[in-house]
Amino acid sequence: MIKTRTVTDLDECRVLWNSLGGGRNVSDLWEFRLCFHRHFKNEPCFRVLEDGGGVLGILPLCRLEAQDMFVFFPGEIWQGKTWLERTPLYWRDREALPELLEACPPRTYLRYIEADENTLPADAELDEIGYLLHPPDLHFSMDEYYRRFSWKKLKAIKKEISSLLVPESSWHVNRPGDYEVMVQMNRERFGHQSYFHDARFKEGFRDVVAWLNQRGWLRMVSLEIRGEIAAVDLGAVYNGTYVVFLGGTHAGFPGVAKVMNMHHIEFAVGQGFARVDFLCGDFYWKKLWHLDPQPLWKFMSPALRTEFQPKEELTEVMDYG
C-alpha cells in the first residue's frame, strides 16, 4: 500500500533532497537552492510517497503564497515563473511516476524537467529549449566548432571580436566587486525586465557567488577594455560542466557579448569539459552560434493551464548575438 505524506521541516527536506541522487548539475545541489530560499522564504512542501520498501518517490515542492501555487523548491521566481533549470524528479520505480504526479497539490506548476522522453509523464509538455555545447563532440577542437559556421559568418564574428580585444583589454576572474558591476549593468540595460529587478533574486545569487567561491567552483569572468569594465558573466564549473548563468554588458561596447561567448567556449574546449550549458531562452544568438538544443519539460495541473499562456520571448534579454 502506498502512503503519501507532506514534509515542511527544512532539515527533513534537506535529507530528502540529498536522497534524490542528483548532483549532475550544480543548481540541483541543496546548498545552491538554499541560497535562494533564504531570500524568497517560500514554505517547503515536499510530497513523499512510501511503500513497504521505503521511499517510492519525492516531489521537492514549495508553496508560493501570493500565487496560491506549488512549484519546485525553493520557488525563486522571475516574471511570475521559477527560473532555475533541471530540477530532478525522484522515483524508485518508473511505474510509480503517475502516482507521484497525482500526489501534486491541485495548483502545481513544475518547470525545466530534464528527462528522457521515454520516462516522461503522459501529461508533460515541452517547456523551453536548453542550449548546450559538447566539446567531446568537437574532439576538443575549436577548428571543429568553427566548421559549424559559414565562412562569411565566422569571419564577421572574428572581425568584431578582434576590434574589441585591443591591446589595452584584459581578462579577470572572480573579482568580488564585479558582481555589483554585473548587476548594475544588467539593470541599466533591461530595467524592470532585468533578473535583478527583484532584490531577492539579486541577493540569492550574491549568496550563490559566495558559496561557489568557497567550493572552488566559481567562474565570474570580467572583461576590461581601456580600463573600463565592458562585460561580466557569472558561471560555475562543476562535475565536468561549465554553466553560464547570466551576465551584464556595458552599453558603450556594442558586440562585446560575442567576445564573452567565444571566451566561454574556448575556455570549456581548452579545459576538456564534457559540456557547456548556456541555459534556456530561445534568443536568436544561440541558434546562430550552433549550440546543441535540448528540450526541457513541464508539468502543469489542469487548474493552471488557462492561467499560463506561452510567453513572448524577449530577444534583447541576454542578447549575446
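1. Helices (H or I, at least four residues) and strands (E, at least two) are DSSP runs, numbered from the N terminus.

2. A word on the source: this is a predicted model, where local features need pLDDT of at least 70, side-chain atom pairs count only at pLDDT 80 or more, and totals for chains, interfaces and linings use all residues. Residues are numbered from 1 along each chain as its sequence is written, and side-chain values use heavy atoms, with hydrogens and water left out.

3. Which residues of helix 5 are buried? They are Leu154, Ile157, Ile161 and Leu164 (buried is under 20% relative accessible area, exposed over 50%, partly exposed in between, with a 1.4 Å probe and protein chains only). Down the axis of helix 5 these buried residues fall within an arc of 95°, so they line one face; the arc is taken from the directions from the helix axis to the C-beta atoms. An α-helix has 3.6 residues a turn, so residues three or four places apart point the same way.

4. Turned away from the buried side of helix 5 are the exposed Trp151, Lys152, Lys159, Ser162 and Ser163. The cover over the buried residues of helix 5 includes helix 4 (142-146), strand 12 (169-173), strand 13 (218-225) and helix 8 (256-271), with contact meaning heavy atoms within 4.5 Å.

5. On to the rings: there are 29 aromatic pairs in the structure. Tyr145 and Phe149 make one that is edge-to-face, 5.3 Å centre to centre with 85° between the planes. Rings of Phe, Tyr and Trp (its six-membered ring) pair if their centres lie within 6.5 Å; planes under 30 degrees apart are stacked, over 60 edge-to-face, the rest tilted. Tyr145 counts as buried at 0% relative accessibility, and Phe149 is buried too, at 8%.

6. Phe201 and Phe205 are a tilted pair, because their ring centres are 5.4 Å apart and the planes sit at 55°. Both lie in helix 7 (residues 199-215), 4 residues apart, about one turn of the helix, and both are buried.

7. Two charges over rings: the charged end of Lys158 sits 4.0 Å from the ring centre of Tyr146, and Arg219 lies over the face of Phe267 at 3.5 Å from the ring centre. The criterion is NZ of Lys or CZ of Arg within 6 Å of the ring centre and within 35 degrees of the ring normal.
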